Amino acid sequence: MDIEKTIEAFNSLIVINNDRIEGYKTAEAEAKETDLKMLFSDFMETSVQNRKELVAEVKRLDGTPDEGTRVTGKFFRVWMDVKASFTGNDRKAILESCEYGENVILDNYKNILIQDHQDTNSVEQDLLNKQYALLKVDHDKVKQLIEAIEHEKRLTE
């Protein structure tokens with residue numbers, strides 16, 4: 001087990017949770033519909049809790065938690081798409097952009113769970129699996145809302 005690699009992996013997840021928090025903070029501020037505001041607030045809380053647990057684990061390993069964000073690349077595009085969708089008030093486009101962002105964070109967790117599993121102990125694996133499961137629930141909520149919109153559209157055609 002390589003503690004430095006574990007710290008690095010956990011720090012990458014801290015950063016992506018920070019990105020997610022900032023993205024949903026923006027989305028919540030832009031949202032006009034109460035249900036979306038509540039959804040985005042709930043998603044922020046998931047990442048706030050994840051970040052708190054990851055920071056505690058990095059400190060336990062005598063590492064320095066990364067407190068920054070990397071709202072660049074894929075995640076930056078996600079939140080710019082969300083913001084643009086709000087301008088057009090296109091609920092489906094907003095949710096599709098959110099789903100893309102949820103896929104990005106789930107992929108990051110999957111990569112660490114699969115590729116870096118030898119660098120984490122069973123307690124750390126349990127923590128990451130628990131966080132992944134919470135993020136998957138959030139992802140699935142977005143997916144269900146998109147499917148409901150598509151279903152409603154088919155009924156009205």
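A27 lies in helix α1, where helices are DSSP runs of H or I with at least four residues, numbered from the N terminus. At 1% relative accessibility, A27 counts as buried, a word that stands for under 20% relative accessible area, with exposed meaning over 50% and partly exposed the range in between (1.4 Å probe, protein chains only). The C-alpha atoms of A27 and L39 are separated by 10.0 Å, although these residues are twelve residues apart along the chain.

This is a predicted model, in which local features need pLDDT of at least 70 and side-chain atom pairs count only at pLDDT 80 or more, while totals for chains, interfaces and linings use all residues. Residues are numbered from 1 along each chain as its sequence is written, and side-chain values use heavy atoms, with hydrogens and water left out.

**Overall picture**

- The protein has five helices and zero strands, and along the sequence these give the pattern α-α-α-α-α.
- Of the 157 residues in the protein, 43% are buried, and the accessible surface comes to about 8500 Å², with 51% of that area belonging to carbon and sulfur atoms (areas come from the Shrake-Rupley method with a 1.4 Å probe, and for residues only the protein chains shown count as cover).
- Among contacts in the protein with a separation of 6 or more, 79% are between residues 24 or more positions apart, where contact means heavy atoms within 4.5 Å.

**Confidence**

- The average pLDDT of the protein is 87, and 87% of the residues score at least 70, pLDDT being the predictor's confidence in each residue, from 0 to 100.
- Among the elements, helix α3 (residues 73-88) has the lowest mean pLDDT, at 59, whereas α2 has the highest, at 96.

- Helix α1 has 28 residues and reaches 40 Å from its first C-alpha to its last, close to the 40 Å expected at 1.5 Å a residue, the expected span being 1.5 Å times one less than the number of residues.
- Helix α2 has 27 residues and spans 39 Å between its first and last C-alpha, close to the 39 Å expected, and just after α2, D62 takes a positive phi of about 65 degrees.

**The nonpolar cores**

- The largest nonpolar core has 20 residues, of which F10, L13, L54, Y109 and L128 touch the most other members; such a core is a set of buried Ala, Val, Leu, Ile, Met, Phe, Trp, Tyr and Cys residues joined through side-chain atoms within 4.5 Å.
- The elements that give two or more residues to this core are α1 (3-30), α2 (34-60), α4 (91-115) and α5 (122-156).
- A second, separate core of 14 residues includes I21, L39, F43 and I94.
- Leaving aside neighbours within four places in sequence, L54 is in contact with residues including F10, I14, L127 and Q131.

- Y109 is placed in helix α4 and counts as buried because its relative accessibility is 0%.
- Not counting residues up to four places away in sequence, Y109 touches residues that include N17, N50, L54 and Y132, and the C-alpha atoms of Y109 and A9, 100 residues apart along the chain, are separated by 9.3 Å.
- E99 also has its place in helix α4 and is buried, with a relative accessible area of 15%.
- Leaving aside neighbours within four places in sequence, E99 is in contact with H139, V142, K143 and I146.
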